[in-house]
Amino acid sequence: MGRTYIVEETVGQYLSNINLQEKAFVSGLLIGQCSSQKDYVILATRTPPKGEQNEGPKHSKARLDNLDEEWATEHAHQVSRMLPGGLLVLGVFIITALEMGSEFQNTLRRLVFAVEKSVNKKRLWNFTEEDVSERVILHFCSSTKKYLLFRCSCFKVYDNHCNSSAKPADWKYQNGLSASWLSLECTVYINIHVPLSTTSASYTLEKNTKNGLARWAKQIENGIYLINGQVKDEDCDLLEGQVSHKKLLNSDHRSTAMVQICSGSVNLKGAVKCRAYIHSNKPKVKDAVQAMKRDILNTVADRCEILFEDLLLNEIPEKKVMSIKLSTVFAYSEKEFHILPHRVFVPIPGSTVMLCDYKFGDESAEEIRDHFLEMLDRMIQIEDLEIAEEINTACISSSMDTEASLDNTDDEQPKQPIKTTIVLKIQQNIGII
């Protein structure tokens, strides 16, 4: 039985309206959400043309020899930052003026494999057994209006091969697909301390920070999530489940404080706004929690990555003590404070779903508008921009002084009374959906 793709009607209109402008082909990304039986495609966006690719021979035969895989995967990486929890790059599309035979499928498989690898190479979370392992490839012929659809498994992205073959699938359009999706929101208060070990002096500040975020990600995965202030069983329907305290009592994750000699430390703390979206076709509590977890991890990691890219672009040295704030800028002694980018949300017309971007304080709303147009091929209205206000200060501070630092390990320690354990787990709670 083939997998079903439920597709927003506007996606079909978008693909039909793309003008090849004498190019051999146009490629792009399909964006949406996976579920156990169906995938929901709510958006398509073409990969922006590279300078030298703007023109091509007239009536060129549809060949993929000059498909710039690196350019396409970088586009996918940038777009993945703009997707809130629950949304992901589901696959790729390619539009040609002529129909193409089966020989081009290998090229497209390599492309979708490279896209999946690019999107996931810096993620802080792991796929689960319930995650859908397949990504879709859509070929649309602009002259005949026919499409060819096939899917391939891409979760073995680090094995340098894509274990895939053409599989049947149904492509069904639906009007107003995402008009009634559920929106999930929470504010995450974080305080992440990352010691810079004396044995890892060759590591960059970015790499040390990423390692620290990976340890923090385990806490997020083990956190307790409340739905409207209540703990619900993960297998309950999101809108109908009964309250259960089972997860509170079953959590036995413990950590042991460890004294570590450091060359310095990195500290990230403050508050971040997180948001996720779930389709309204009988979603489960576990689906909502997973979407929110991944948004929390993605948005924090993305902000740090964007900041380090900005520091590298401006050639700011890493050796100085650095503190990165989400609100106000301070500077004293040998410390430098930098503002992490704020999250900006933008609605999709005719949908309850909003996409996002990241804005530094000195960036104008016009620059954000231009970035949306370039990355998502959508013109947005400046007045629709919704800047998520950061409630508290969040900072990364890196101190190069040698000092003892406390860190956590996953080693066992003597069990605490159940009541104390519950209190500690509640204190670790990362937010309320």
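Predicted model: local features only at pLDDT ≥ 70, side-chain atom pairs only at ≥ 80, totals over all residues.
**Group meeting: a sheet, a hairpin and some salt bridges**

Glutamate 134 sits in strand E5 and arginine 151 in strand E6, so the pair ties together parts that are 17 residues apart in sequence. And is glutamate 134 buried or exposed? At 12% relative accessibility, glutamate 134 counts as buried, because the cut-off for buried is under 20%.

Now, the two strands themselves. E5 runs over residues 134–141 and pairs with E6 in the antiparallel sense, over 7 bridges. One place to look is arginine 135, which stands opposite cysteine 152 in E6. E5 and E6 form a hairpin, with 5 residues between them. If you go to the turn, you'll find lysine 145 with a positive phi of about 65°. E6, residues 147–153, is mostly covered, with 5 of its 7 residues buried.

Okay, zoom out to the sheet. How many strands does this open sheet have, and in what order? There are 7, and they go E6-E5-E4-E2-E3-E1-E7, with mixed pairing. At the edges stand E6 and strand E7 (169–174); each has a single partner strand, so one side of each is left without a neighbour in the sheet. From one strand to the next, the twist averages 30°.

For a parallel pair, take strand E1, residues 3–8, and E3: they pair over 4 bridges. There, tyrosine 5 stands opposite aspartate 39 in E3. Helix H2, residues 69–80, packs on the sheet and touches strand E2 (25–34) and E3. The direction of H2 makes about 35° with that of E2. Then there's helix H3, residues 105–120, which lies across E2, strand E4 (88–96), E5 and E6. H3 runs at about 150° to E4.

Back to charges. The structure holds 16 salt bridges, and I'd like to show you some others. Arginine 46 forms one with aspartate 377, with the closest N and O atoms 3.1 Å apart. That pair links distant parts of the chain, 331 residues apart: arginine 46 is in strand E3 (residues 38–46), while aspartate 377 is in the loop between helix H7 (365–376) and strand E14 (386–387).

Next up, lysine 286 forms a salt bridge with aspartate 235, where the closest N and O atoms are 3.4 Å apart. This pair also links distant parts of the chain: lysine 286 is in helix H6 (residues 285–313), and aspartate 235 is in the loop between helix H4 (205–221) and helix H5 (246–250), 51 residues apart. Lysine 286 is partly exposed at 25%, and aspartate 235 counts as partly exposed at 43%. There's also a network: salt bridges that share partners join Arg81, Glu305 and Glu309.

Last stop, H6. Its 29 residues should span 42 Å at 1.5 Å a residue, and the end C-alpha atoms are 42 Å apart, which agrees. Of those 29 residues, 21 are buried, so H6 is largely enclosed by the rest of the structure.

Definitions and conventions: Residues numbered from 1 in each chain as written. Heavy atoms only, no water. Buried < 20%, exposed > 50% of the residue type's maximum accessible area, 1.4 Å probe, protein only. Pairing = 2+ DSSP bridges. Salt bridge = Lys/Arg side-chain N within 4 Å of Asp/Glu carboxyl O. Expected span 1.5 Å × (residues − 1). Axes fitted to C-alpha atoms, helices over the stretch in contact; angles between N-to-C directions. Contact = heavy atoms within 4.5 Å.
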